[in-house]
Number of protein chains: 2
Amino acid sequence: MTEPERQELTEQEIVQLAESLEEKLEESKEHEAVSALTELSPEMAGEVLGRMDTDVSTELISHLETPDAAEILQEMPPDEAVDLMEELPQEEQAELLQQMDPREAKVLQDLASYPSDTAGGLMSPEVLALPQHLTVEQAIQFIRREADEKEIIYYTFVVDPERHLRGVLSMRDLILADPKTPVEKLAITNVVKVNASTDSEEVARLFAVHNFLALPVVDDEDRLLGIVTVDDVIDTIREEGTEDMHRLVGVSPEDKVLSPWHESFKRRHPWLLINLLTAFAAAAVVSLFQGTIAKFTALAVLMPIIAGQGGNAGSQTVTVVVRGMALGDLHLGEGRIVLFKELVLGILNGLVMGAIVAGAAYLWNGDPTLGIVVALAMLFNLIVAGMTGALIPLGLRFIGADPALASTIILTTFTDICGFFFLLGLGSIMLK
Amino acid sequence: MTEPERQELTEQEIVQLAESLEEKLEESKEHEAVSALTELSPEMAGEVLGRMDTDVSTELISHLETPDAAEILQEMPPDEAVDLMEELPQEEQAELLQQMDPREAKVLQDLASYPSDTAGGLMSPEVLALPQHLTVEQAIQFIRREADEKEIIYYTFVVDPERHLRGVLSMRDLILADPKTPVEKLAITNVVKVNASTDSEEVARLFAVHNFLALPVVDDEDRLLGIVTVDDVIDTIREEGTEDMHRLVGVSPEDKVLSPWHESFKRRHPWLLINLLTAFAAAAVVSLFQGTIAKFTALAVLMPIIAGQGGNAGSQTVTVVVRGMALGDLHLGEGRIVLFKELVLGILNGLVMGAIVAGAAYLWNGDPTLGIVVALAMLFNLIVAGMTGALIPLGLRFIGADPALASTIILTTFTDICGFFFLLGLGSIMLK
């Protein structure tokens, strides 16, 4: 890599460059992208990579010569560098670490040991830890020496010699305080912090509730390990939203609107196959009543109404419950409240919809018994829809799975099967 | 309100208190909640209100005596106070403003003039604007005088006498610089900023791309109006996710998992009624083929398979497209790429699923023609599902509506109607 003079790109130029490199990769001009990147200083190249989606920046890094890639990675904030490295094959990771300054390599290896969906995986180890015996004046000198390497110095933390977290201090407190005050006196000792193993969704919730810009991360012994900043969490929150929406309908979170068709095919197909099996189950229920259908074809006409309303009402319930869980609105033990509410809603919706459908069926067909059959089937199916719409995500969470996991697909199977069973079963008994 | 000594609650105590007050309101113990709140200093009461959901804090404020409420509101960050006030009836707002310090009232009235889903609606006017002629030393003194009132002082902005935005300066830059340097020299002049009328979704995207903690807000003349901080945007991002997920299935974003059943009923019912009308349309298609169904009841058995697969494949497409738009992955003019991709996927899925269903139908029923009928119906319906799944959100955006607006409900109507038409129509022609 050529060693240009230190260039400073503006924020806007960095983002524009990141976008133009992404486009080059999409158009398979890897060569151009690589040479545009290596023309930058390693520091700026790191900034540019940091603004790309991880899958794109990983591709770009894998096209670079190993020494170039290593140089760029060690200039990036360690949390971003690790996210990127972890996407590469194991051997490439080892080669890259070999090429780095051993101290930097150690930092990255330590970070890589935390799962990416925990506070440890989100955090940057570049945190300002002030020894507790400093005064404000000494602290500011300490910060001047250290600041360049640290990602965020809006908060500084006070630690004892064993690096136990003793307090937090904002830059603002430091600047406003008397220079002779010991930092220990100035620091807020009741620090909100997270353990390295805390789930990233929980971290996101903490940021949303408290209006923090950063949170310290500690180990089980309360020793300061690093800091999670709010910008890392924004990505988490957006990714979670995508995950929930996609999973509800059985799509992998990695399936993007502009992914190539063959990737989307691979990612959507499995759930469609599973859904086909469940559709066979619904069809099997219908096949039990072929004799009844041959006599009363009106039942076949009403089938999509009963099944469709069940599916839609149930999807509403599933969505509200899954989203409520994701936002942390629904706590353990409140499942019964939700079940009761959805039962009431199912009965109400069933009575209203049942009455309308019964009226319409009678007007069309002239047989009052058909009206009663269809009204009862609608009532029963909407009760099933409300209850299963709540039970599926609650049950998935209870067994430790993602509540959104294809919930809508499981639900519509239920409402189809039950709807057909109620409609055709009641029809075969009551219609003459 | 009693005037207690200035208390300082820790962050954790504030959040706990906010939660306990929310519970009291849920249990209809308004009186207890009000007296717990008025025991606090107005400042702390403001902090507590700031940690609640807006609907809860509004309810609480409306139970307070007007002078108490006014005192608390003027201690809150103005952007939060306005969000809260705007939920109250017009007369109550006027009374509250009357009770406030006129200067504070003016700030709130100005803020209220921006729609809540714009940068102006999100911003706080409490921003540190350094006159451009100051030195670093003078700037730090200036900050010491002003800091108490300002929400965030991690960034300061440099302005000219007409308050035109001239540059940005971080606290870190100030602390590390030589005290004699003019701030004008130190400031970065190429500031990323947003206009007050910028949509809040666009603001959220800016924060997600650039890792900012705050963005300055300017008017059309480039004069500094205020600052949007990342914590305001976190709420926006979470709310947007909820909005999209809920709207897809025809639920109002205000419908929460623990909302009382009568509110949820009011909010979900309209779309279920609309869906019922569309279900009648699907039923009408089936009714055209009653003669065919009476002869070939196997077709009634296969109906749910064709319609169900269409609905599921189409929901996958709708979800991926809607989410892609929300994340800003899909730009104008890329609609054709998506349509083409979904066409390819529809054909592929249709061929695979059609072959499986044809085989199953033949094994079960023994009539090879039925296999051909069901395979063609599946192929055609999955093509329709992919195309309409992409066209509905693209079309909604084209006419300026929300792409998520009940898209799944519109889609399943389409796939039901087309699925039944293909299956029964082909059946009536081809089966003997």
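Guide: Start at Pro131(B), which stands opposite Val159(B) in strand β2 of chain B. This is a predicted model, where local features need pLDDT of at least 70, side-chain atom pairs count only at pLDDT 80 or more, and totals for chains, interfaces and linings use all residues. Residues are numbered from 1 along each chain as its sequence is written, while chains are lettered from A and ligands numbered from 1 in the order in which they are written.

Strands are DSSP runs of E, at least two residues, numbered from the N terminus. β2(B) covers residues 155–159. Two strands pair if DSSP finds at least two bridges between them. Strand β1 of chain B, residues 129–131, is joined to β2(B) by three bridges. These two run parallel.

Now turn to strand β3 of chain B, residues 165–170. Five bridges join β2(B) to β3(B), and this pair runs antiparallel. Here Thr156(B) stands opposite Leu169(B).

Next, look at the side chains' directions. Tyr155(B), Phe157(B) and Val159(B) point one way from β2(B). Thr156(B) and Val158(B) point the other way. All of these are buried. A residue is buried if 20 or more other C-beta atoms lie within 10 Å of its own, exposed if 12 or fewer, and partly exposed in between, with C-beta atoms placed from the backbone. Five of the five residues of β2(B) are buried, so the strand is largely enclosed by the rest of the structure.

Methods. Helices (H or I, at least four residues) and strands (E, at least two) are DSSP runs, numbered from the N terminus.
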